[in-house]
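This report concerns the interface between two chains of one model. Please consult the sequence and the structure shown below.

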10 protein chains.
Amino acid sequence: MLYHVRMDVCPPHDIDPAWFDALKAAEKEKAQELQRAGKWRHLWRIAGEYANVSIFDVADHDELHALLSGLPLFPFMSIAVTPLARHPSAIG
Amino acid sequence: MLYHVRMDVCPPHDIDPAWFDALKAAEKEKAQELQRAGKWRHLWRIAGEYANVSIFDVADHDELHALLSGLPLFPFMSIAVTPLARHPSAIG
Amino acid sequence: MLYHVRMDVCPPHDIDPAWFDALKAAEKEKAQELQRAGKWRHLWRIAGEYANVSIFDVADHDELHALLSGLPLFPFMSIAVTPLARHPSAIG
Amino acid sequence: MLYHVRMDVCPPHDIDPAWFDALKAAEKEKAQELQRAGKWRHLWRIAGEYANVSIFDVADHDELHALLSGLPLFPFMSIAVTPLARHPSAIG
Amino acid sequence: MLYHVRMDVCPPHDIDPAWFDALKAAEKEKAQELQRAGKWRHLWRIAGEYANVSIFDVADHDELHALLSGLPLFPFMSIAVTPLARHPSAIG
Amino acid sequence: MLYHVRMDVCPPHDIDPAWFDALKAAEKEKAQELQRAGKWRHLWRIAGEYANVSIFDVADHDELHALLSGLPLFPFMSIAVTPLARHPSAIG
Amino acid sequence: MLYHVRMDVCPPHDIDPAWFDALKAAEKEKAQELQRAGKWRHLWRIAGEYANVSIFDVADHDELHALLSGLPLFPFMSIAVTPLARHPSAIG
Amino acid sequence: MLYHVRMDVCPPHDIDPAWFDALKAAEKEKAQELQRAGKWRHLWRIAGEYANVSIFDVADHDELHALLSGLPLFPFMSIAVTPLARHPSAIG
Amino acid sequence: MLYHVRMDVCPPHDIDPAWFDALKAAEKEKAQELQRAGKWRHLWRIAGEYANVSIFDVADHDELHALLSGLPLFPFMSIAVTPLARHPSAIG
Amino acid sequence: MLYHVRMDVCPPHDIDPAWFDALKAAEKEKAQELQRAGKWRHLWRIAGEYANVSIFDVADHDELHALLSGLPLFPFMSIAVTPLARHPSAIG
């Protein structure tokens, strides 16, 4: 099942740079693992913003929440989820 | 180049039903033609709303505007465009 | 799977009263049929507004969209869908 | 009497982790006690957000405010209350 | 139990003046009847707007909704309800 | 002359608790003194929020501003003022 | 007493032009009469919009509401009123 | 002096097509005349929307308002004006 | 040329009180100097808020920006500028 | 390809002044280098705000994001990007 997810990252200005670098590295590793597993189907950067638009393909709301709330940057992200249904004009 | 596009359809309540049906049929035909051409890469229905989230892959802003403003339902749609860049954590 | 749905009804002021009454009767019948089927788990009126808060329990996004877009008053409603996951502090 | 309550949790980034863990444990205990007492009728997680949608069933506004303002995480929550009336199409 | 209610009146521009005058007269009569009954405790005009702020004192959400949705101008009003609890610093 | 005032209290998270307790005690004393003087005609808690709705009855805008800006919690409050006129349907 | 008032004019598109011209002429006459009477102290056009910013100097909220609601264009205006107090740094 | 202007065009759905075509032709002629005169320095289409972003270079606010309010499509446009000052990092 | 300016002051809660007092004294001095020079034509307090509405009369956008950005409290203010044109119904 | 970019600068109040001065100097140098390279076509200050409106002319979304996210003040800016297409009424 597909979910449209927008994530805006807002780290506090006084965050320890080394710790934040470690978080970002862990986030990247996790994002790539989920992409390889087919759960995180698309990941795009919103031009000019520290934000992304993503498409997740997971079994249900619980799996989605588990994945998102388990991201290393979750405490510093504002997230909006939109459930996507099949469009009658979509092909393939 | 990729663009994230959200379209909300708001037909006037007193629109002639036969004309609106014709517009919707033309819209569907156009949407499928653009999908087959690889311009309209994804088309999803937002669950519960007369709206879609789409990903377009076109040469530039002018082509995007020409495609969107040429849609039969364009006069009845509110459209928001977001340019998408490559995300450093995206694979493939 | 549970979805939180808010529906605001905004009929046009010049709608034919007899037709609107027929739509409302059909809406009520459909709402009760879906409640009896266990799909529409809760239906509450927002005090003071021509709006409701509902909880749907359906298989997936496609079923939710099919149900909502099939409601007789759908053309006159503004709808917002929020996917609900299990809360770690919920009992039972 | 039923109230729809949305709670968004926004802890400050420099909160002491041990203290926050203690608050969360106390919050969970309180939430479950109120659920067992039939006051907190439903508690759902909003997928992807540190937020919940809840239904409270209490005697009046004063009891609702006493319960909500007594929650351990109250100082870190943004709360919106909506009073719910019986819907004419609701069954049972 | 007290409720804070804001009502904004937005009649359609092409409403029949005679009918609208009749609705306003009926609204006034109903408003005064509810004030005399102690249900509509306060009624103030927001300066410069076709809107009011009111305080209702009714038994529960259902009674509030019945009163508000029964007002002659209800179809032309946008209404926002806020439940009021006792303030710890209030006297008397 | 009547003014509708909404106050939302947002103390900083790292405020010294003893100092904040002192401020709240002073606020309460001031609020009750102004109520007894007939200036602060109504004071209600918004259910579920650290906020109030109030009605002030003062000579003019300058007196209102002097009273509000002199409240001990003023530096931590977001305040919105709405001037109230007599409503043509109000009785008494 | 001074009030800051913003008025946005939104005539319906199908308004009868002759009638609207008559309303605008009456509005202008009323506006100039109130300026000459010292009630409407300032009247500025917001550049690029069919809107104005005004300063009224009237006895109280009731007089302000009577003046504003008596304007010929009142049914087609959206109005926002802000009460102005003396600023401690103002001279003269 | 430079002004940033955004114009959103919202023609009523039941506008007479021939009349609207005439208005658009007149608008285009006026826009090009003002560009040639150096008053309308830039005119860009916002991709996907019936809207533009423009830069005007005129003597003062009065000239700007006269130009904008004289556009044939002015009655159907929502306009937002932002005054632009020289940026300390701008070259040339 | 006239500009409508709204300034909202939001000092950080942990600002040094002595320094902030010095800034406010310098702001007051500057505001009065600009009023005496005829640049800052009106300065009003918004009742109940740490904010003002002002009218500036300066040569152009650059002078306005220089004045505003040179105010001692500028780093702690949120400012909105609206250019004012002559209103056709204004007298004198 | 042209992009409209608005940047609002919001440095934290406790930022080290010397470091912030260094960042601003680096930002200015980078902005001028990009202007000389023809990438940053226009740069205007929004009067009264610590913000700018800019026009970028770059090859694609990726180049735009690289430029913007590489600005020294990027961590302290809120940025909104709007893609600009050719307007049918634009000349030259």
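Strand β2 of chain H and strand β4 (residues 77-86) of chain J run antiparallel and are joined by 3 bridges; strands count as paired if DSSP finds at least two bridges between them. Within β4(J), J:R86 stands opposite H:W44. Strands (E, at least two residues) and helices (H or I, at least four) are DSSP runs, numbered from the N terminus.

The model is predicted: local features need pLDDT of at least 70, side-chain atom pairs count only at pLDDT 80 or more, and totals for chains, interfaces and linings use all residues. Residues are numbered from 1 along each chain as its sequence is written, chains are lettered from A and ligands numbered from 1 in the order in which they are written, and side-chain values use heavy atoms, without hydrogens and water.

| Item | Value |
|---|---|
| Residues in contact (heavy atoms within 4.5 Å) | 26 of chain H, 26 of chain J |
| Buried area (accessible area, 1.4 Å probe, lost on being put together, summed over both) | about 2,300 Å² |
| Salt bridges (side-chain nitrogen of Lys or Arg within 4 Å of a carboxyl oxygen of Asp or Glu) | 0 salt bridges |

Carbon and sulfur atoms give 67% of the buried area between chain H and chain J. On the side of chain H that touches chain J, β1 (2-9), α1 (17-36), β2 (40-46), β3 (51-57) and β4 (77-86) of chain H each give two or more residues.

The same surface serves both copies, as 100% of the contact residues of chain H recur in chain J.

How values were computed
Buried area = accessible area lost by both parts, 1.4 Å probe.
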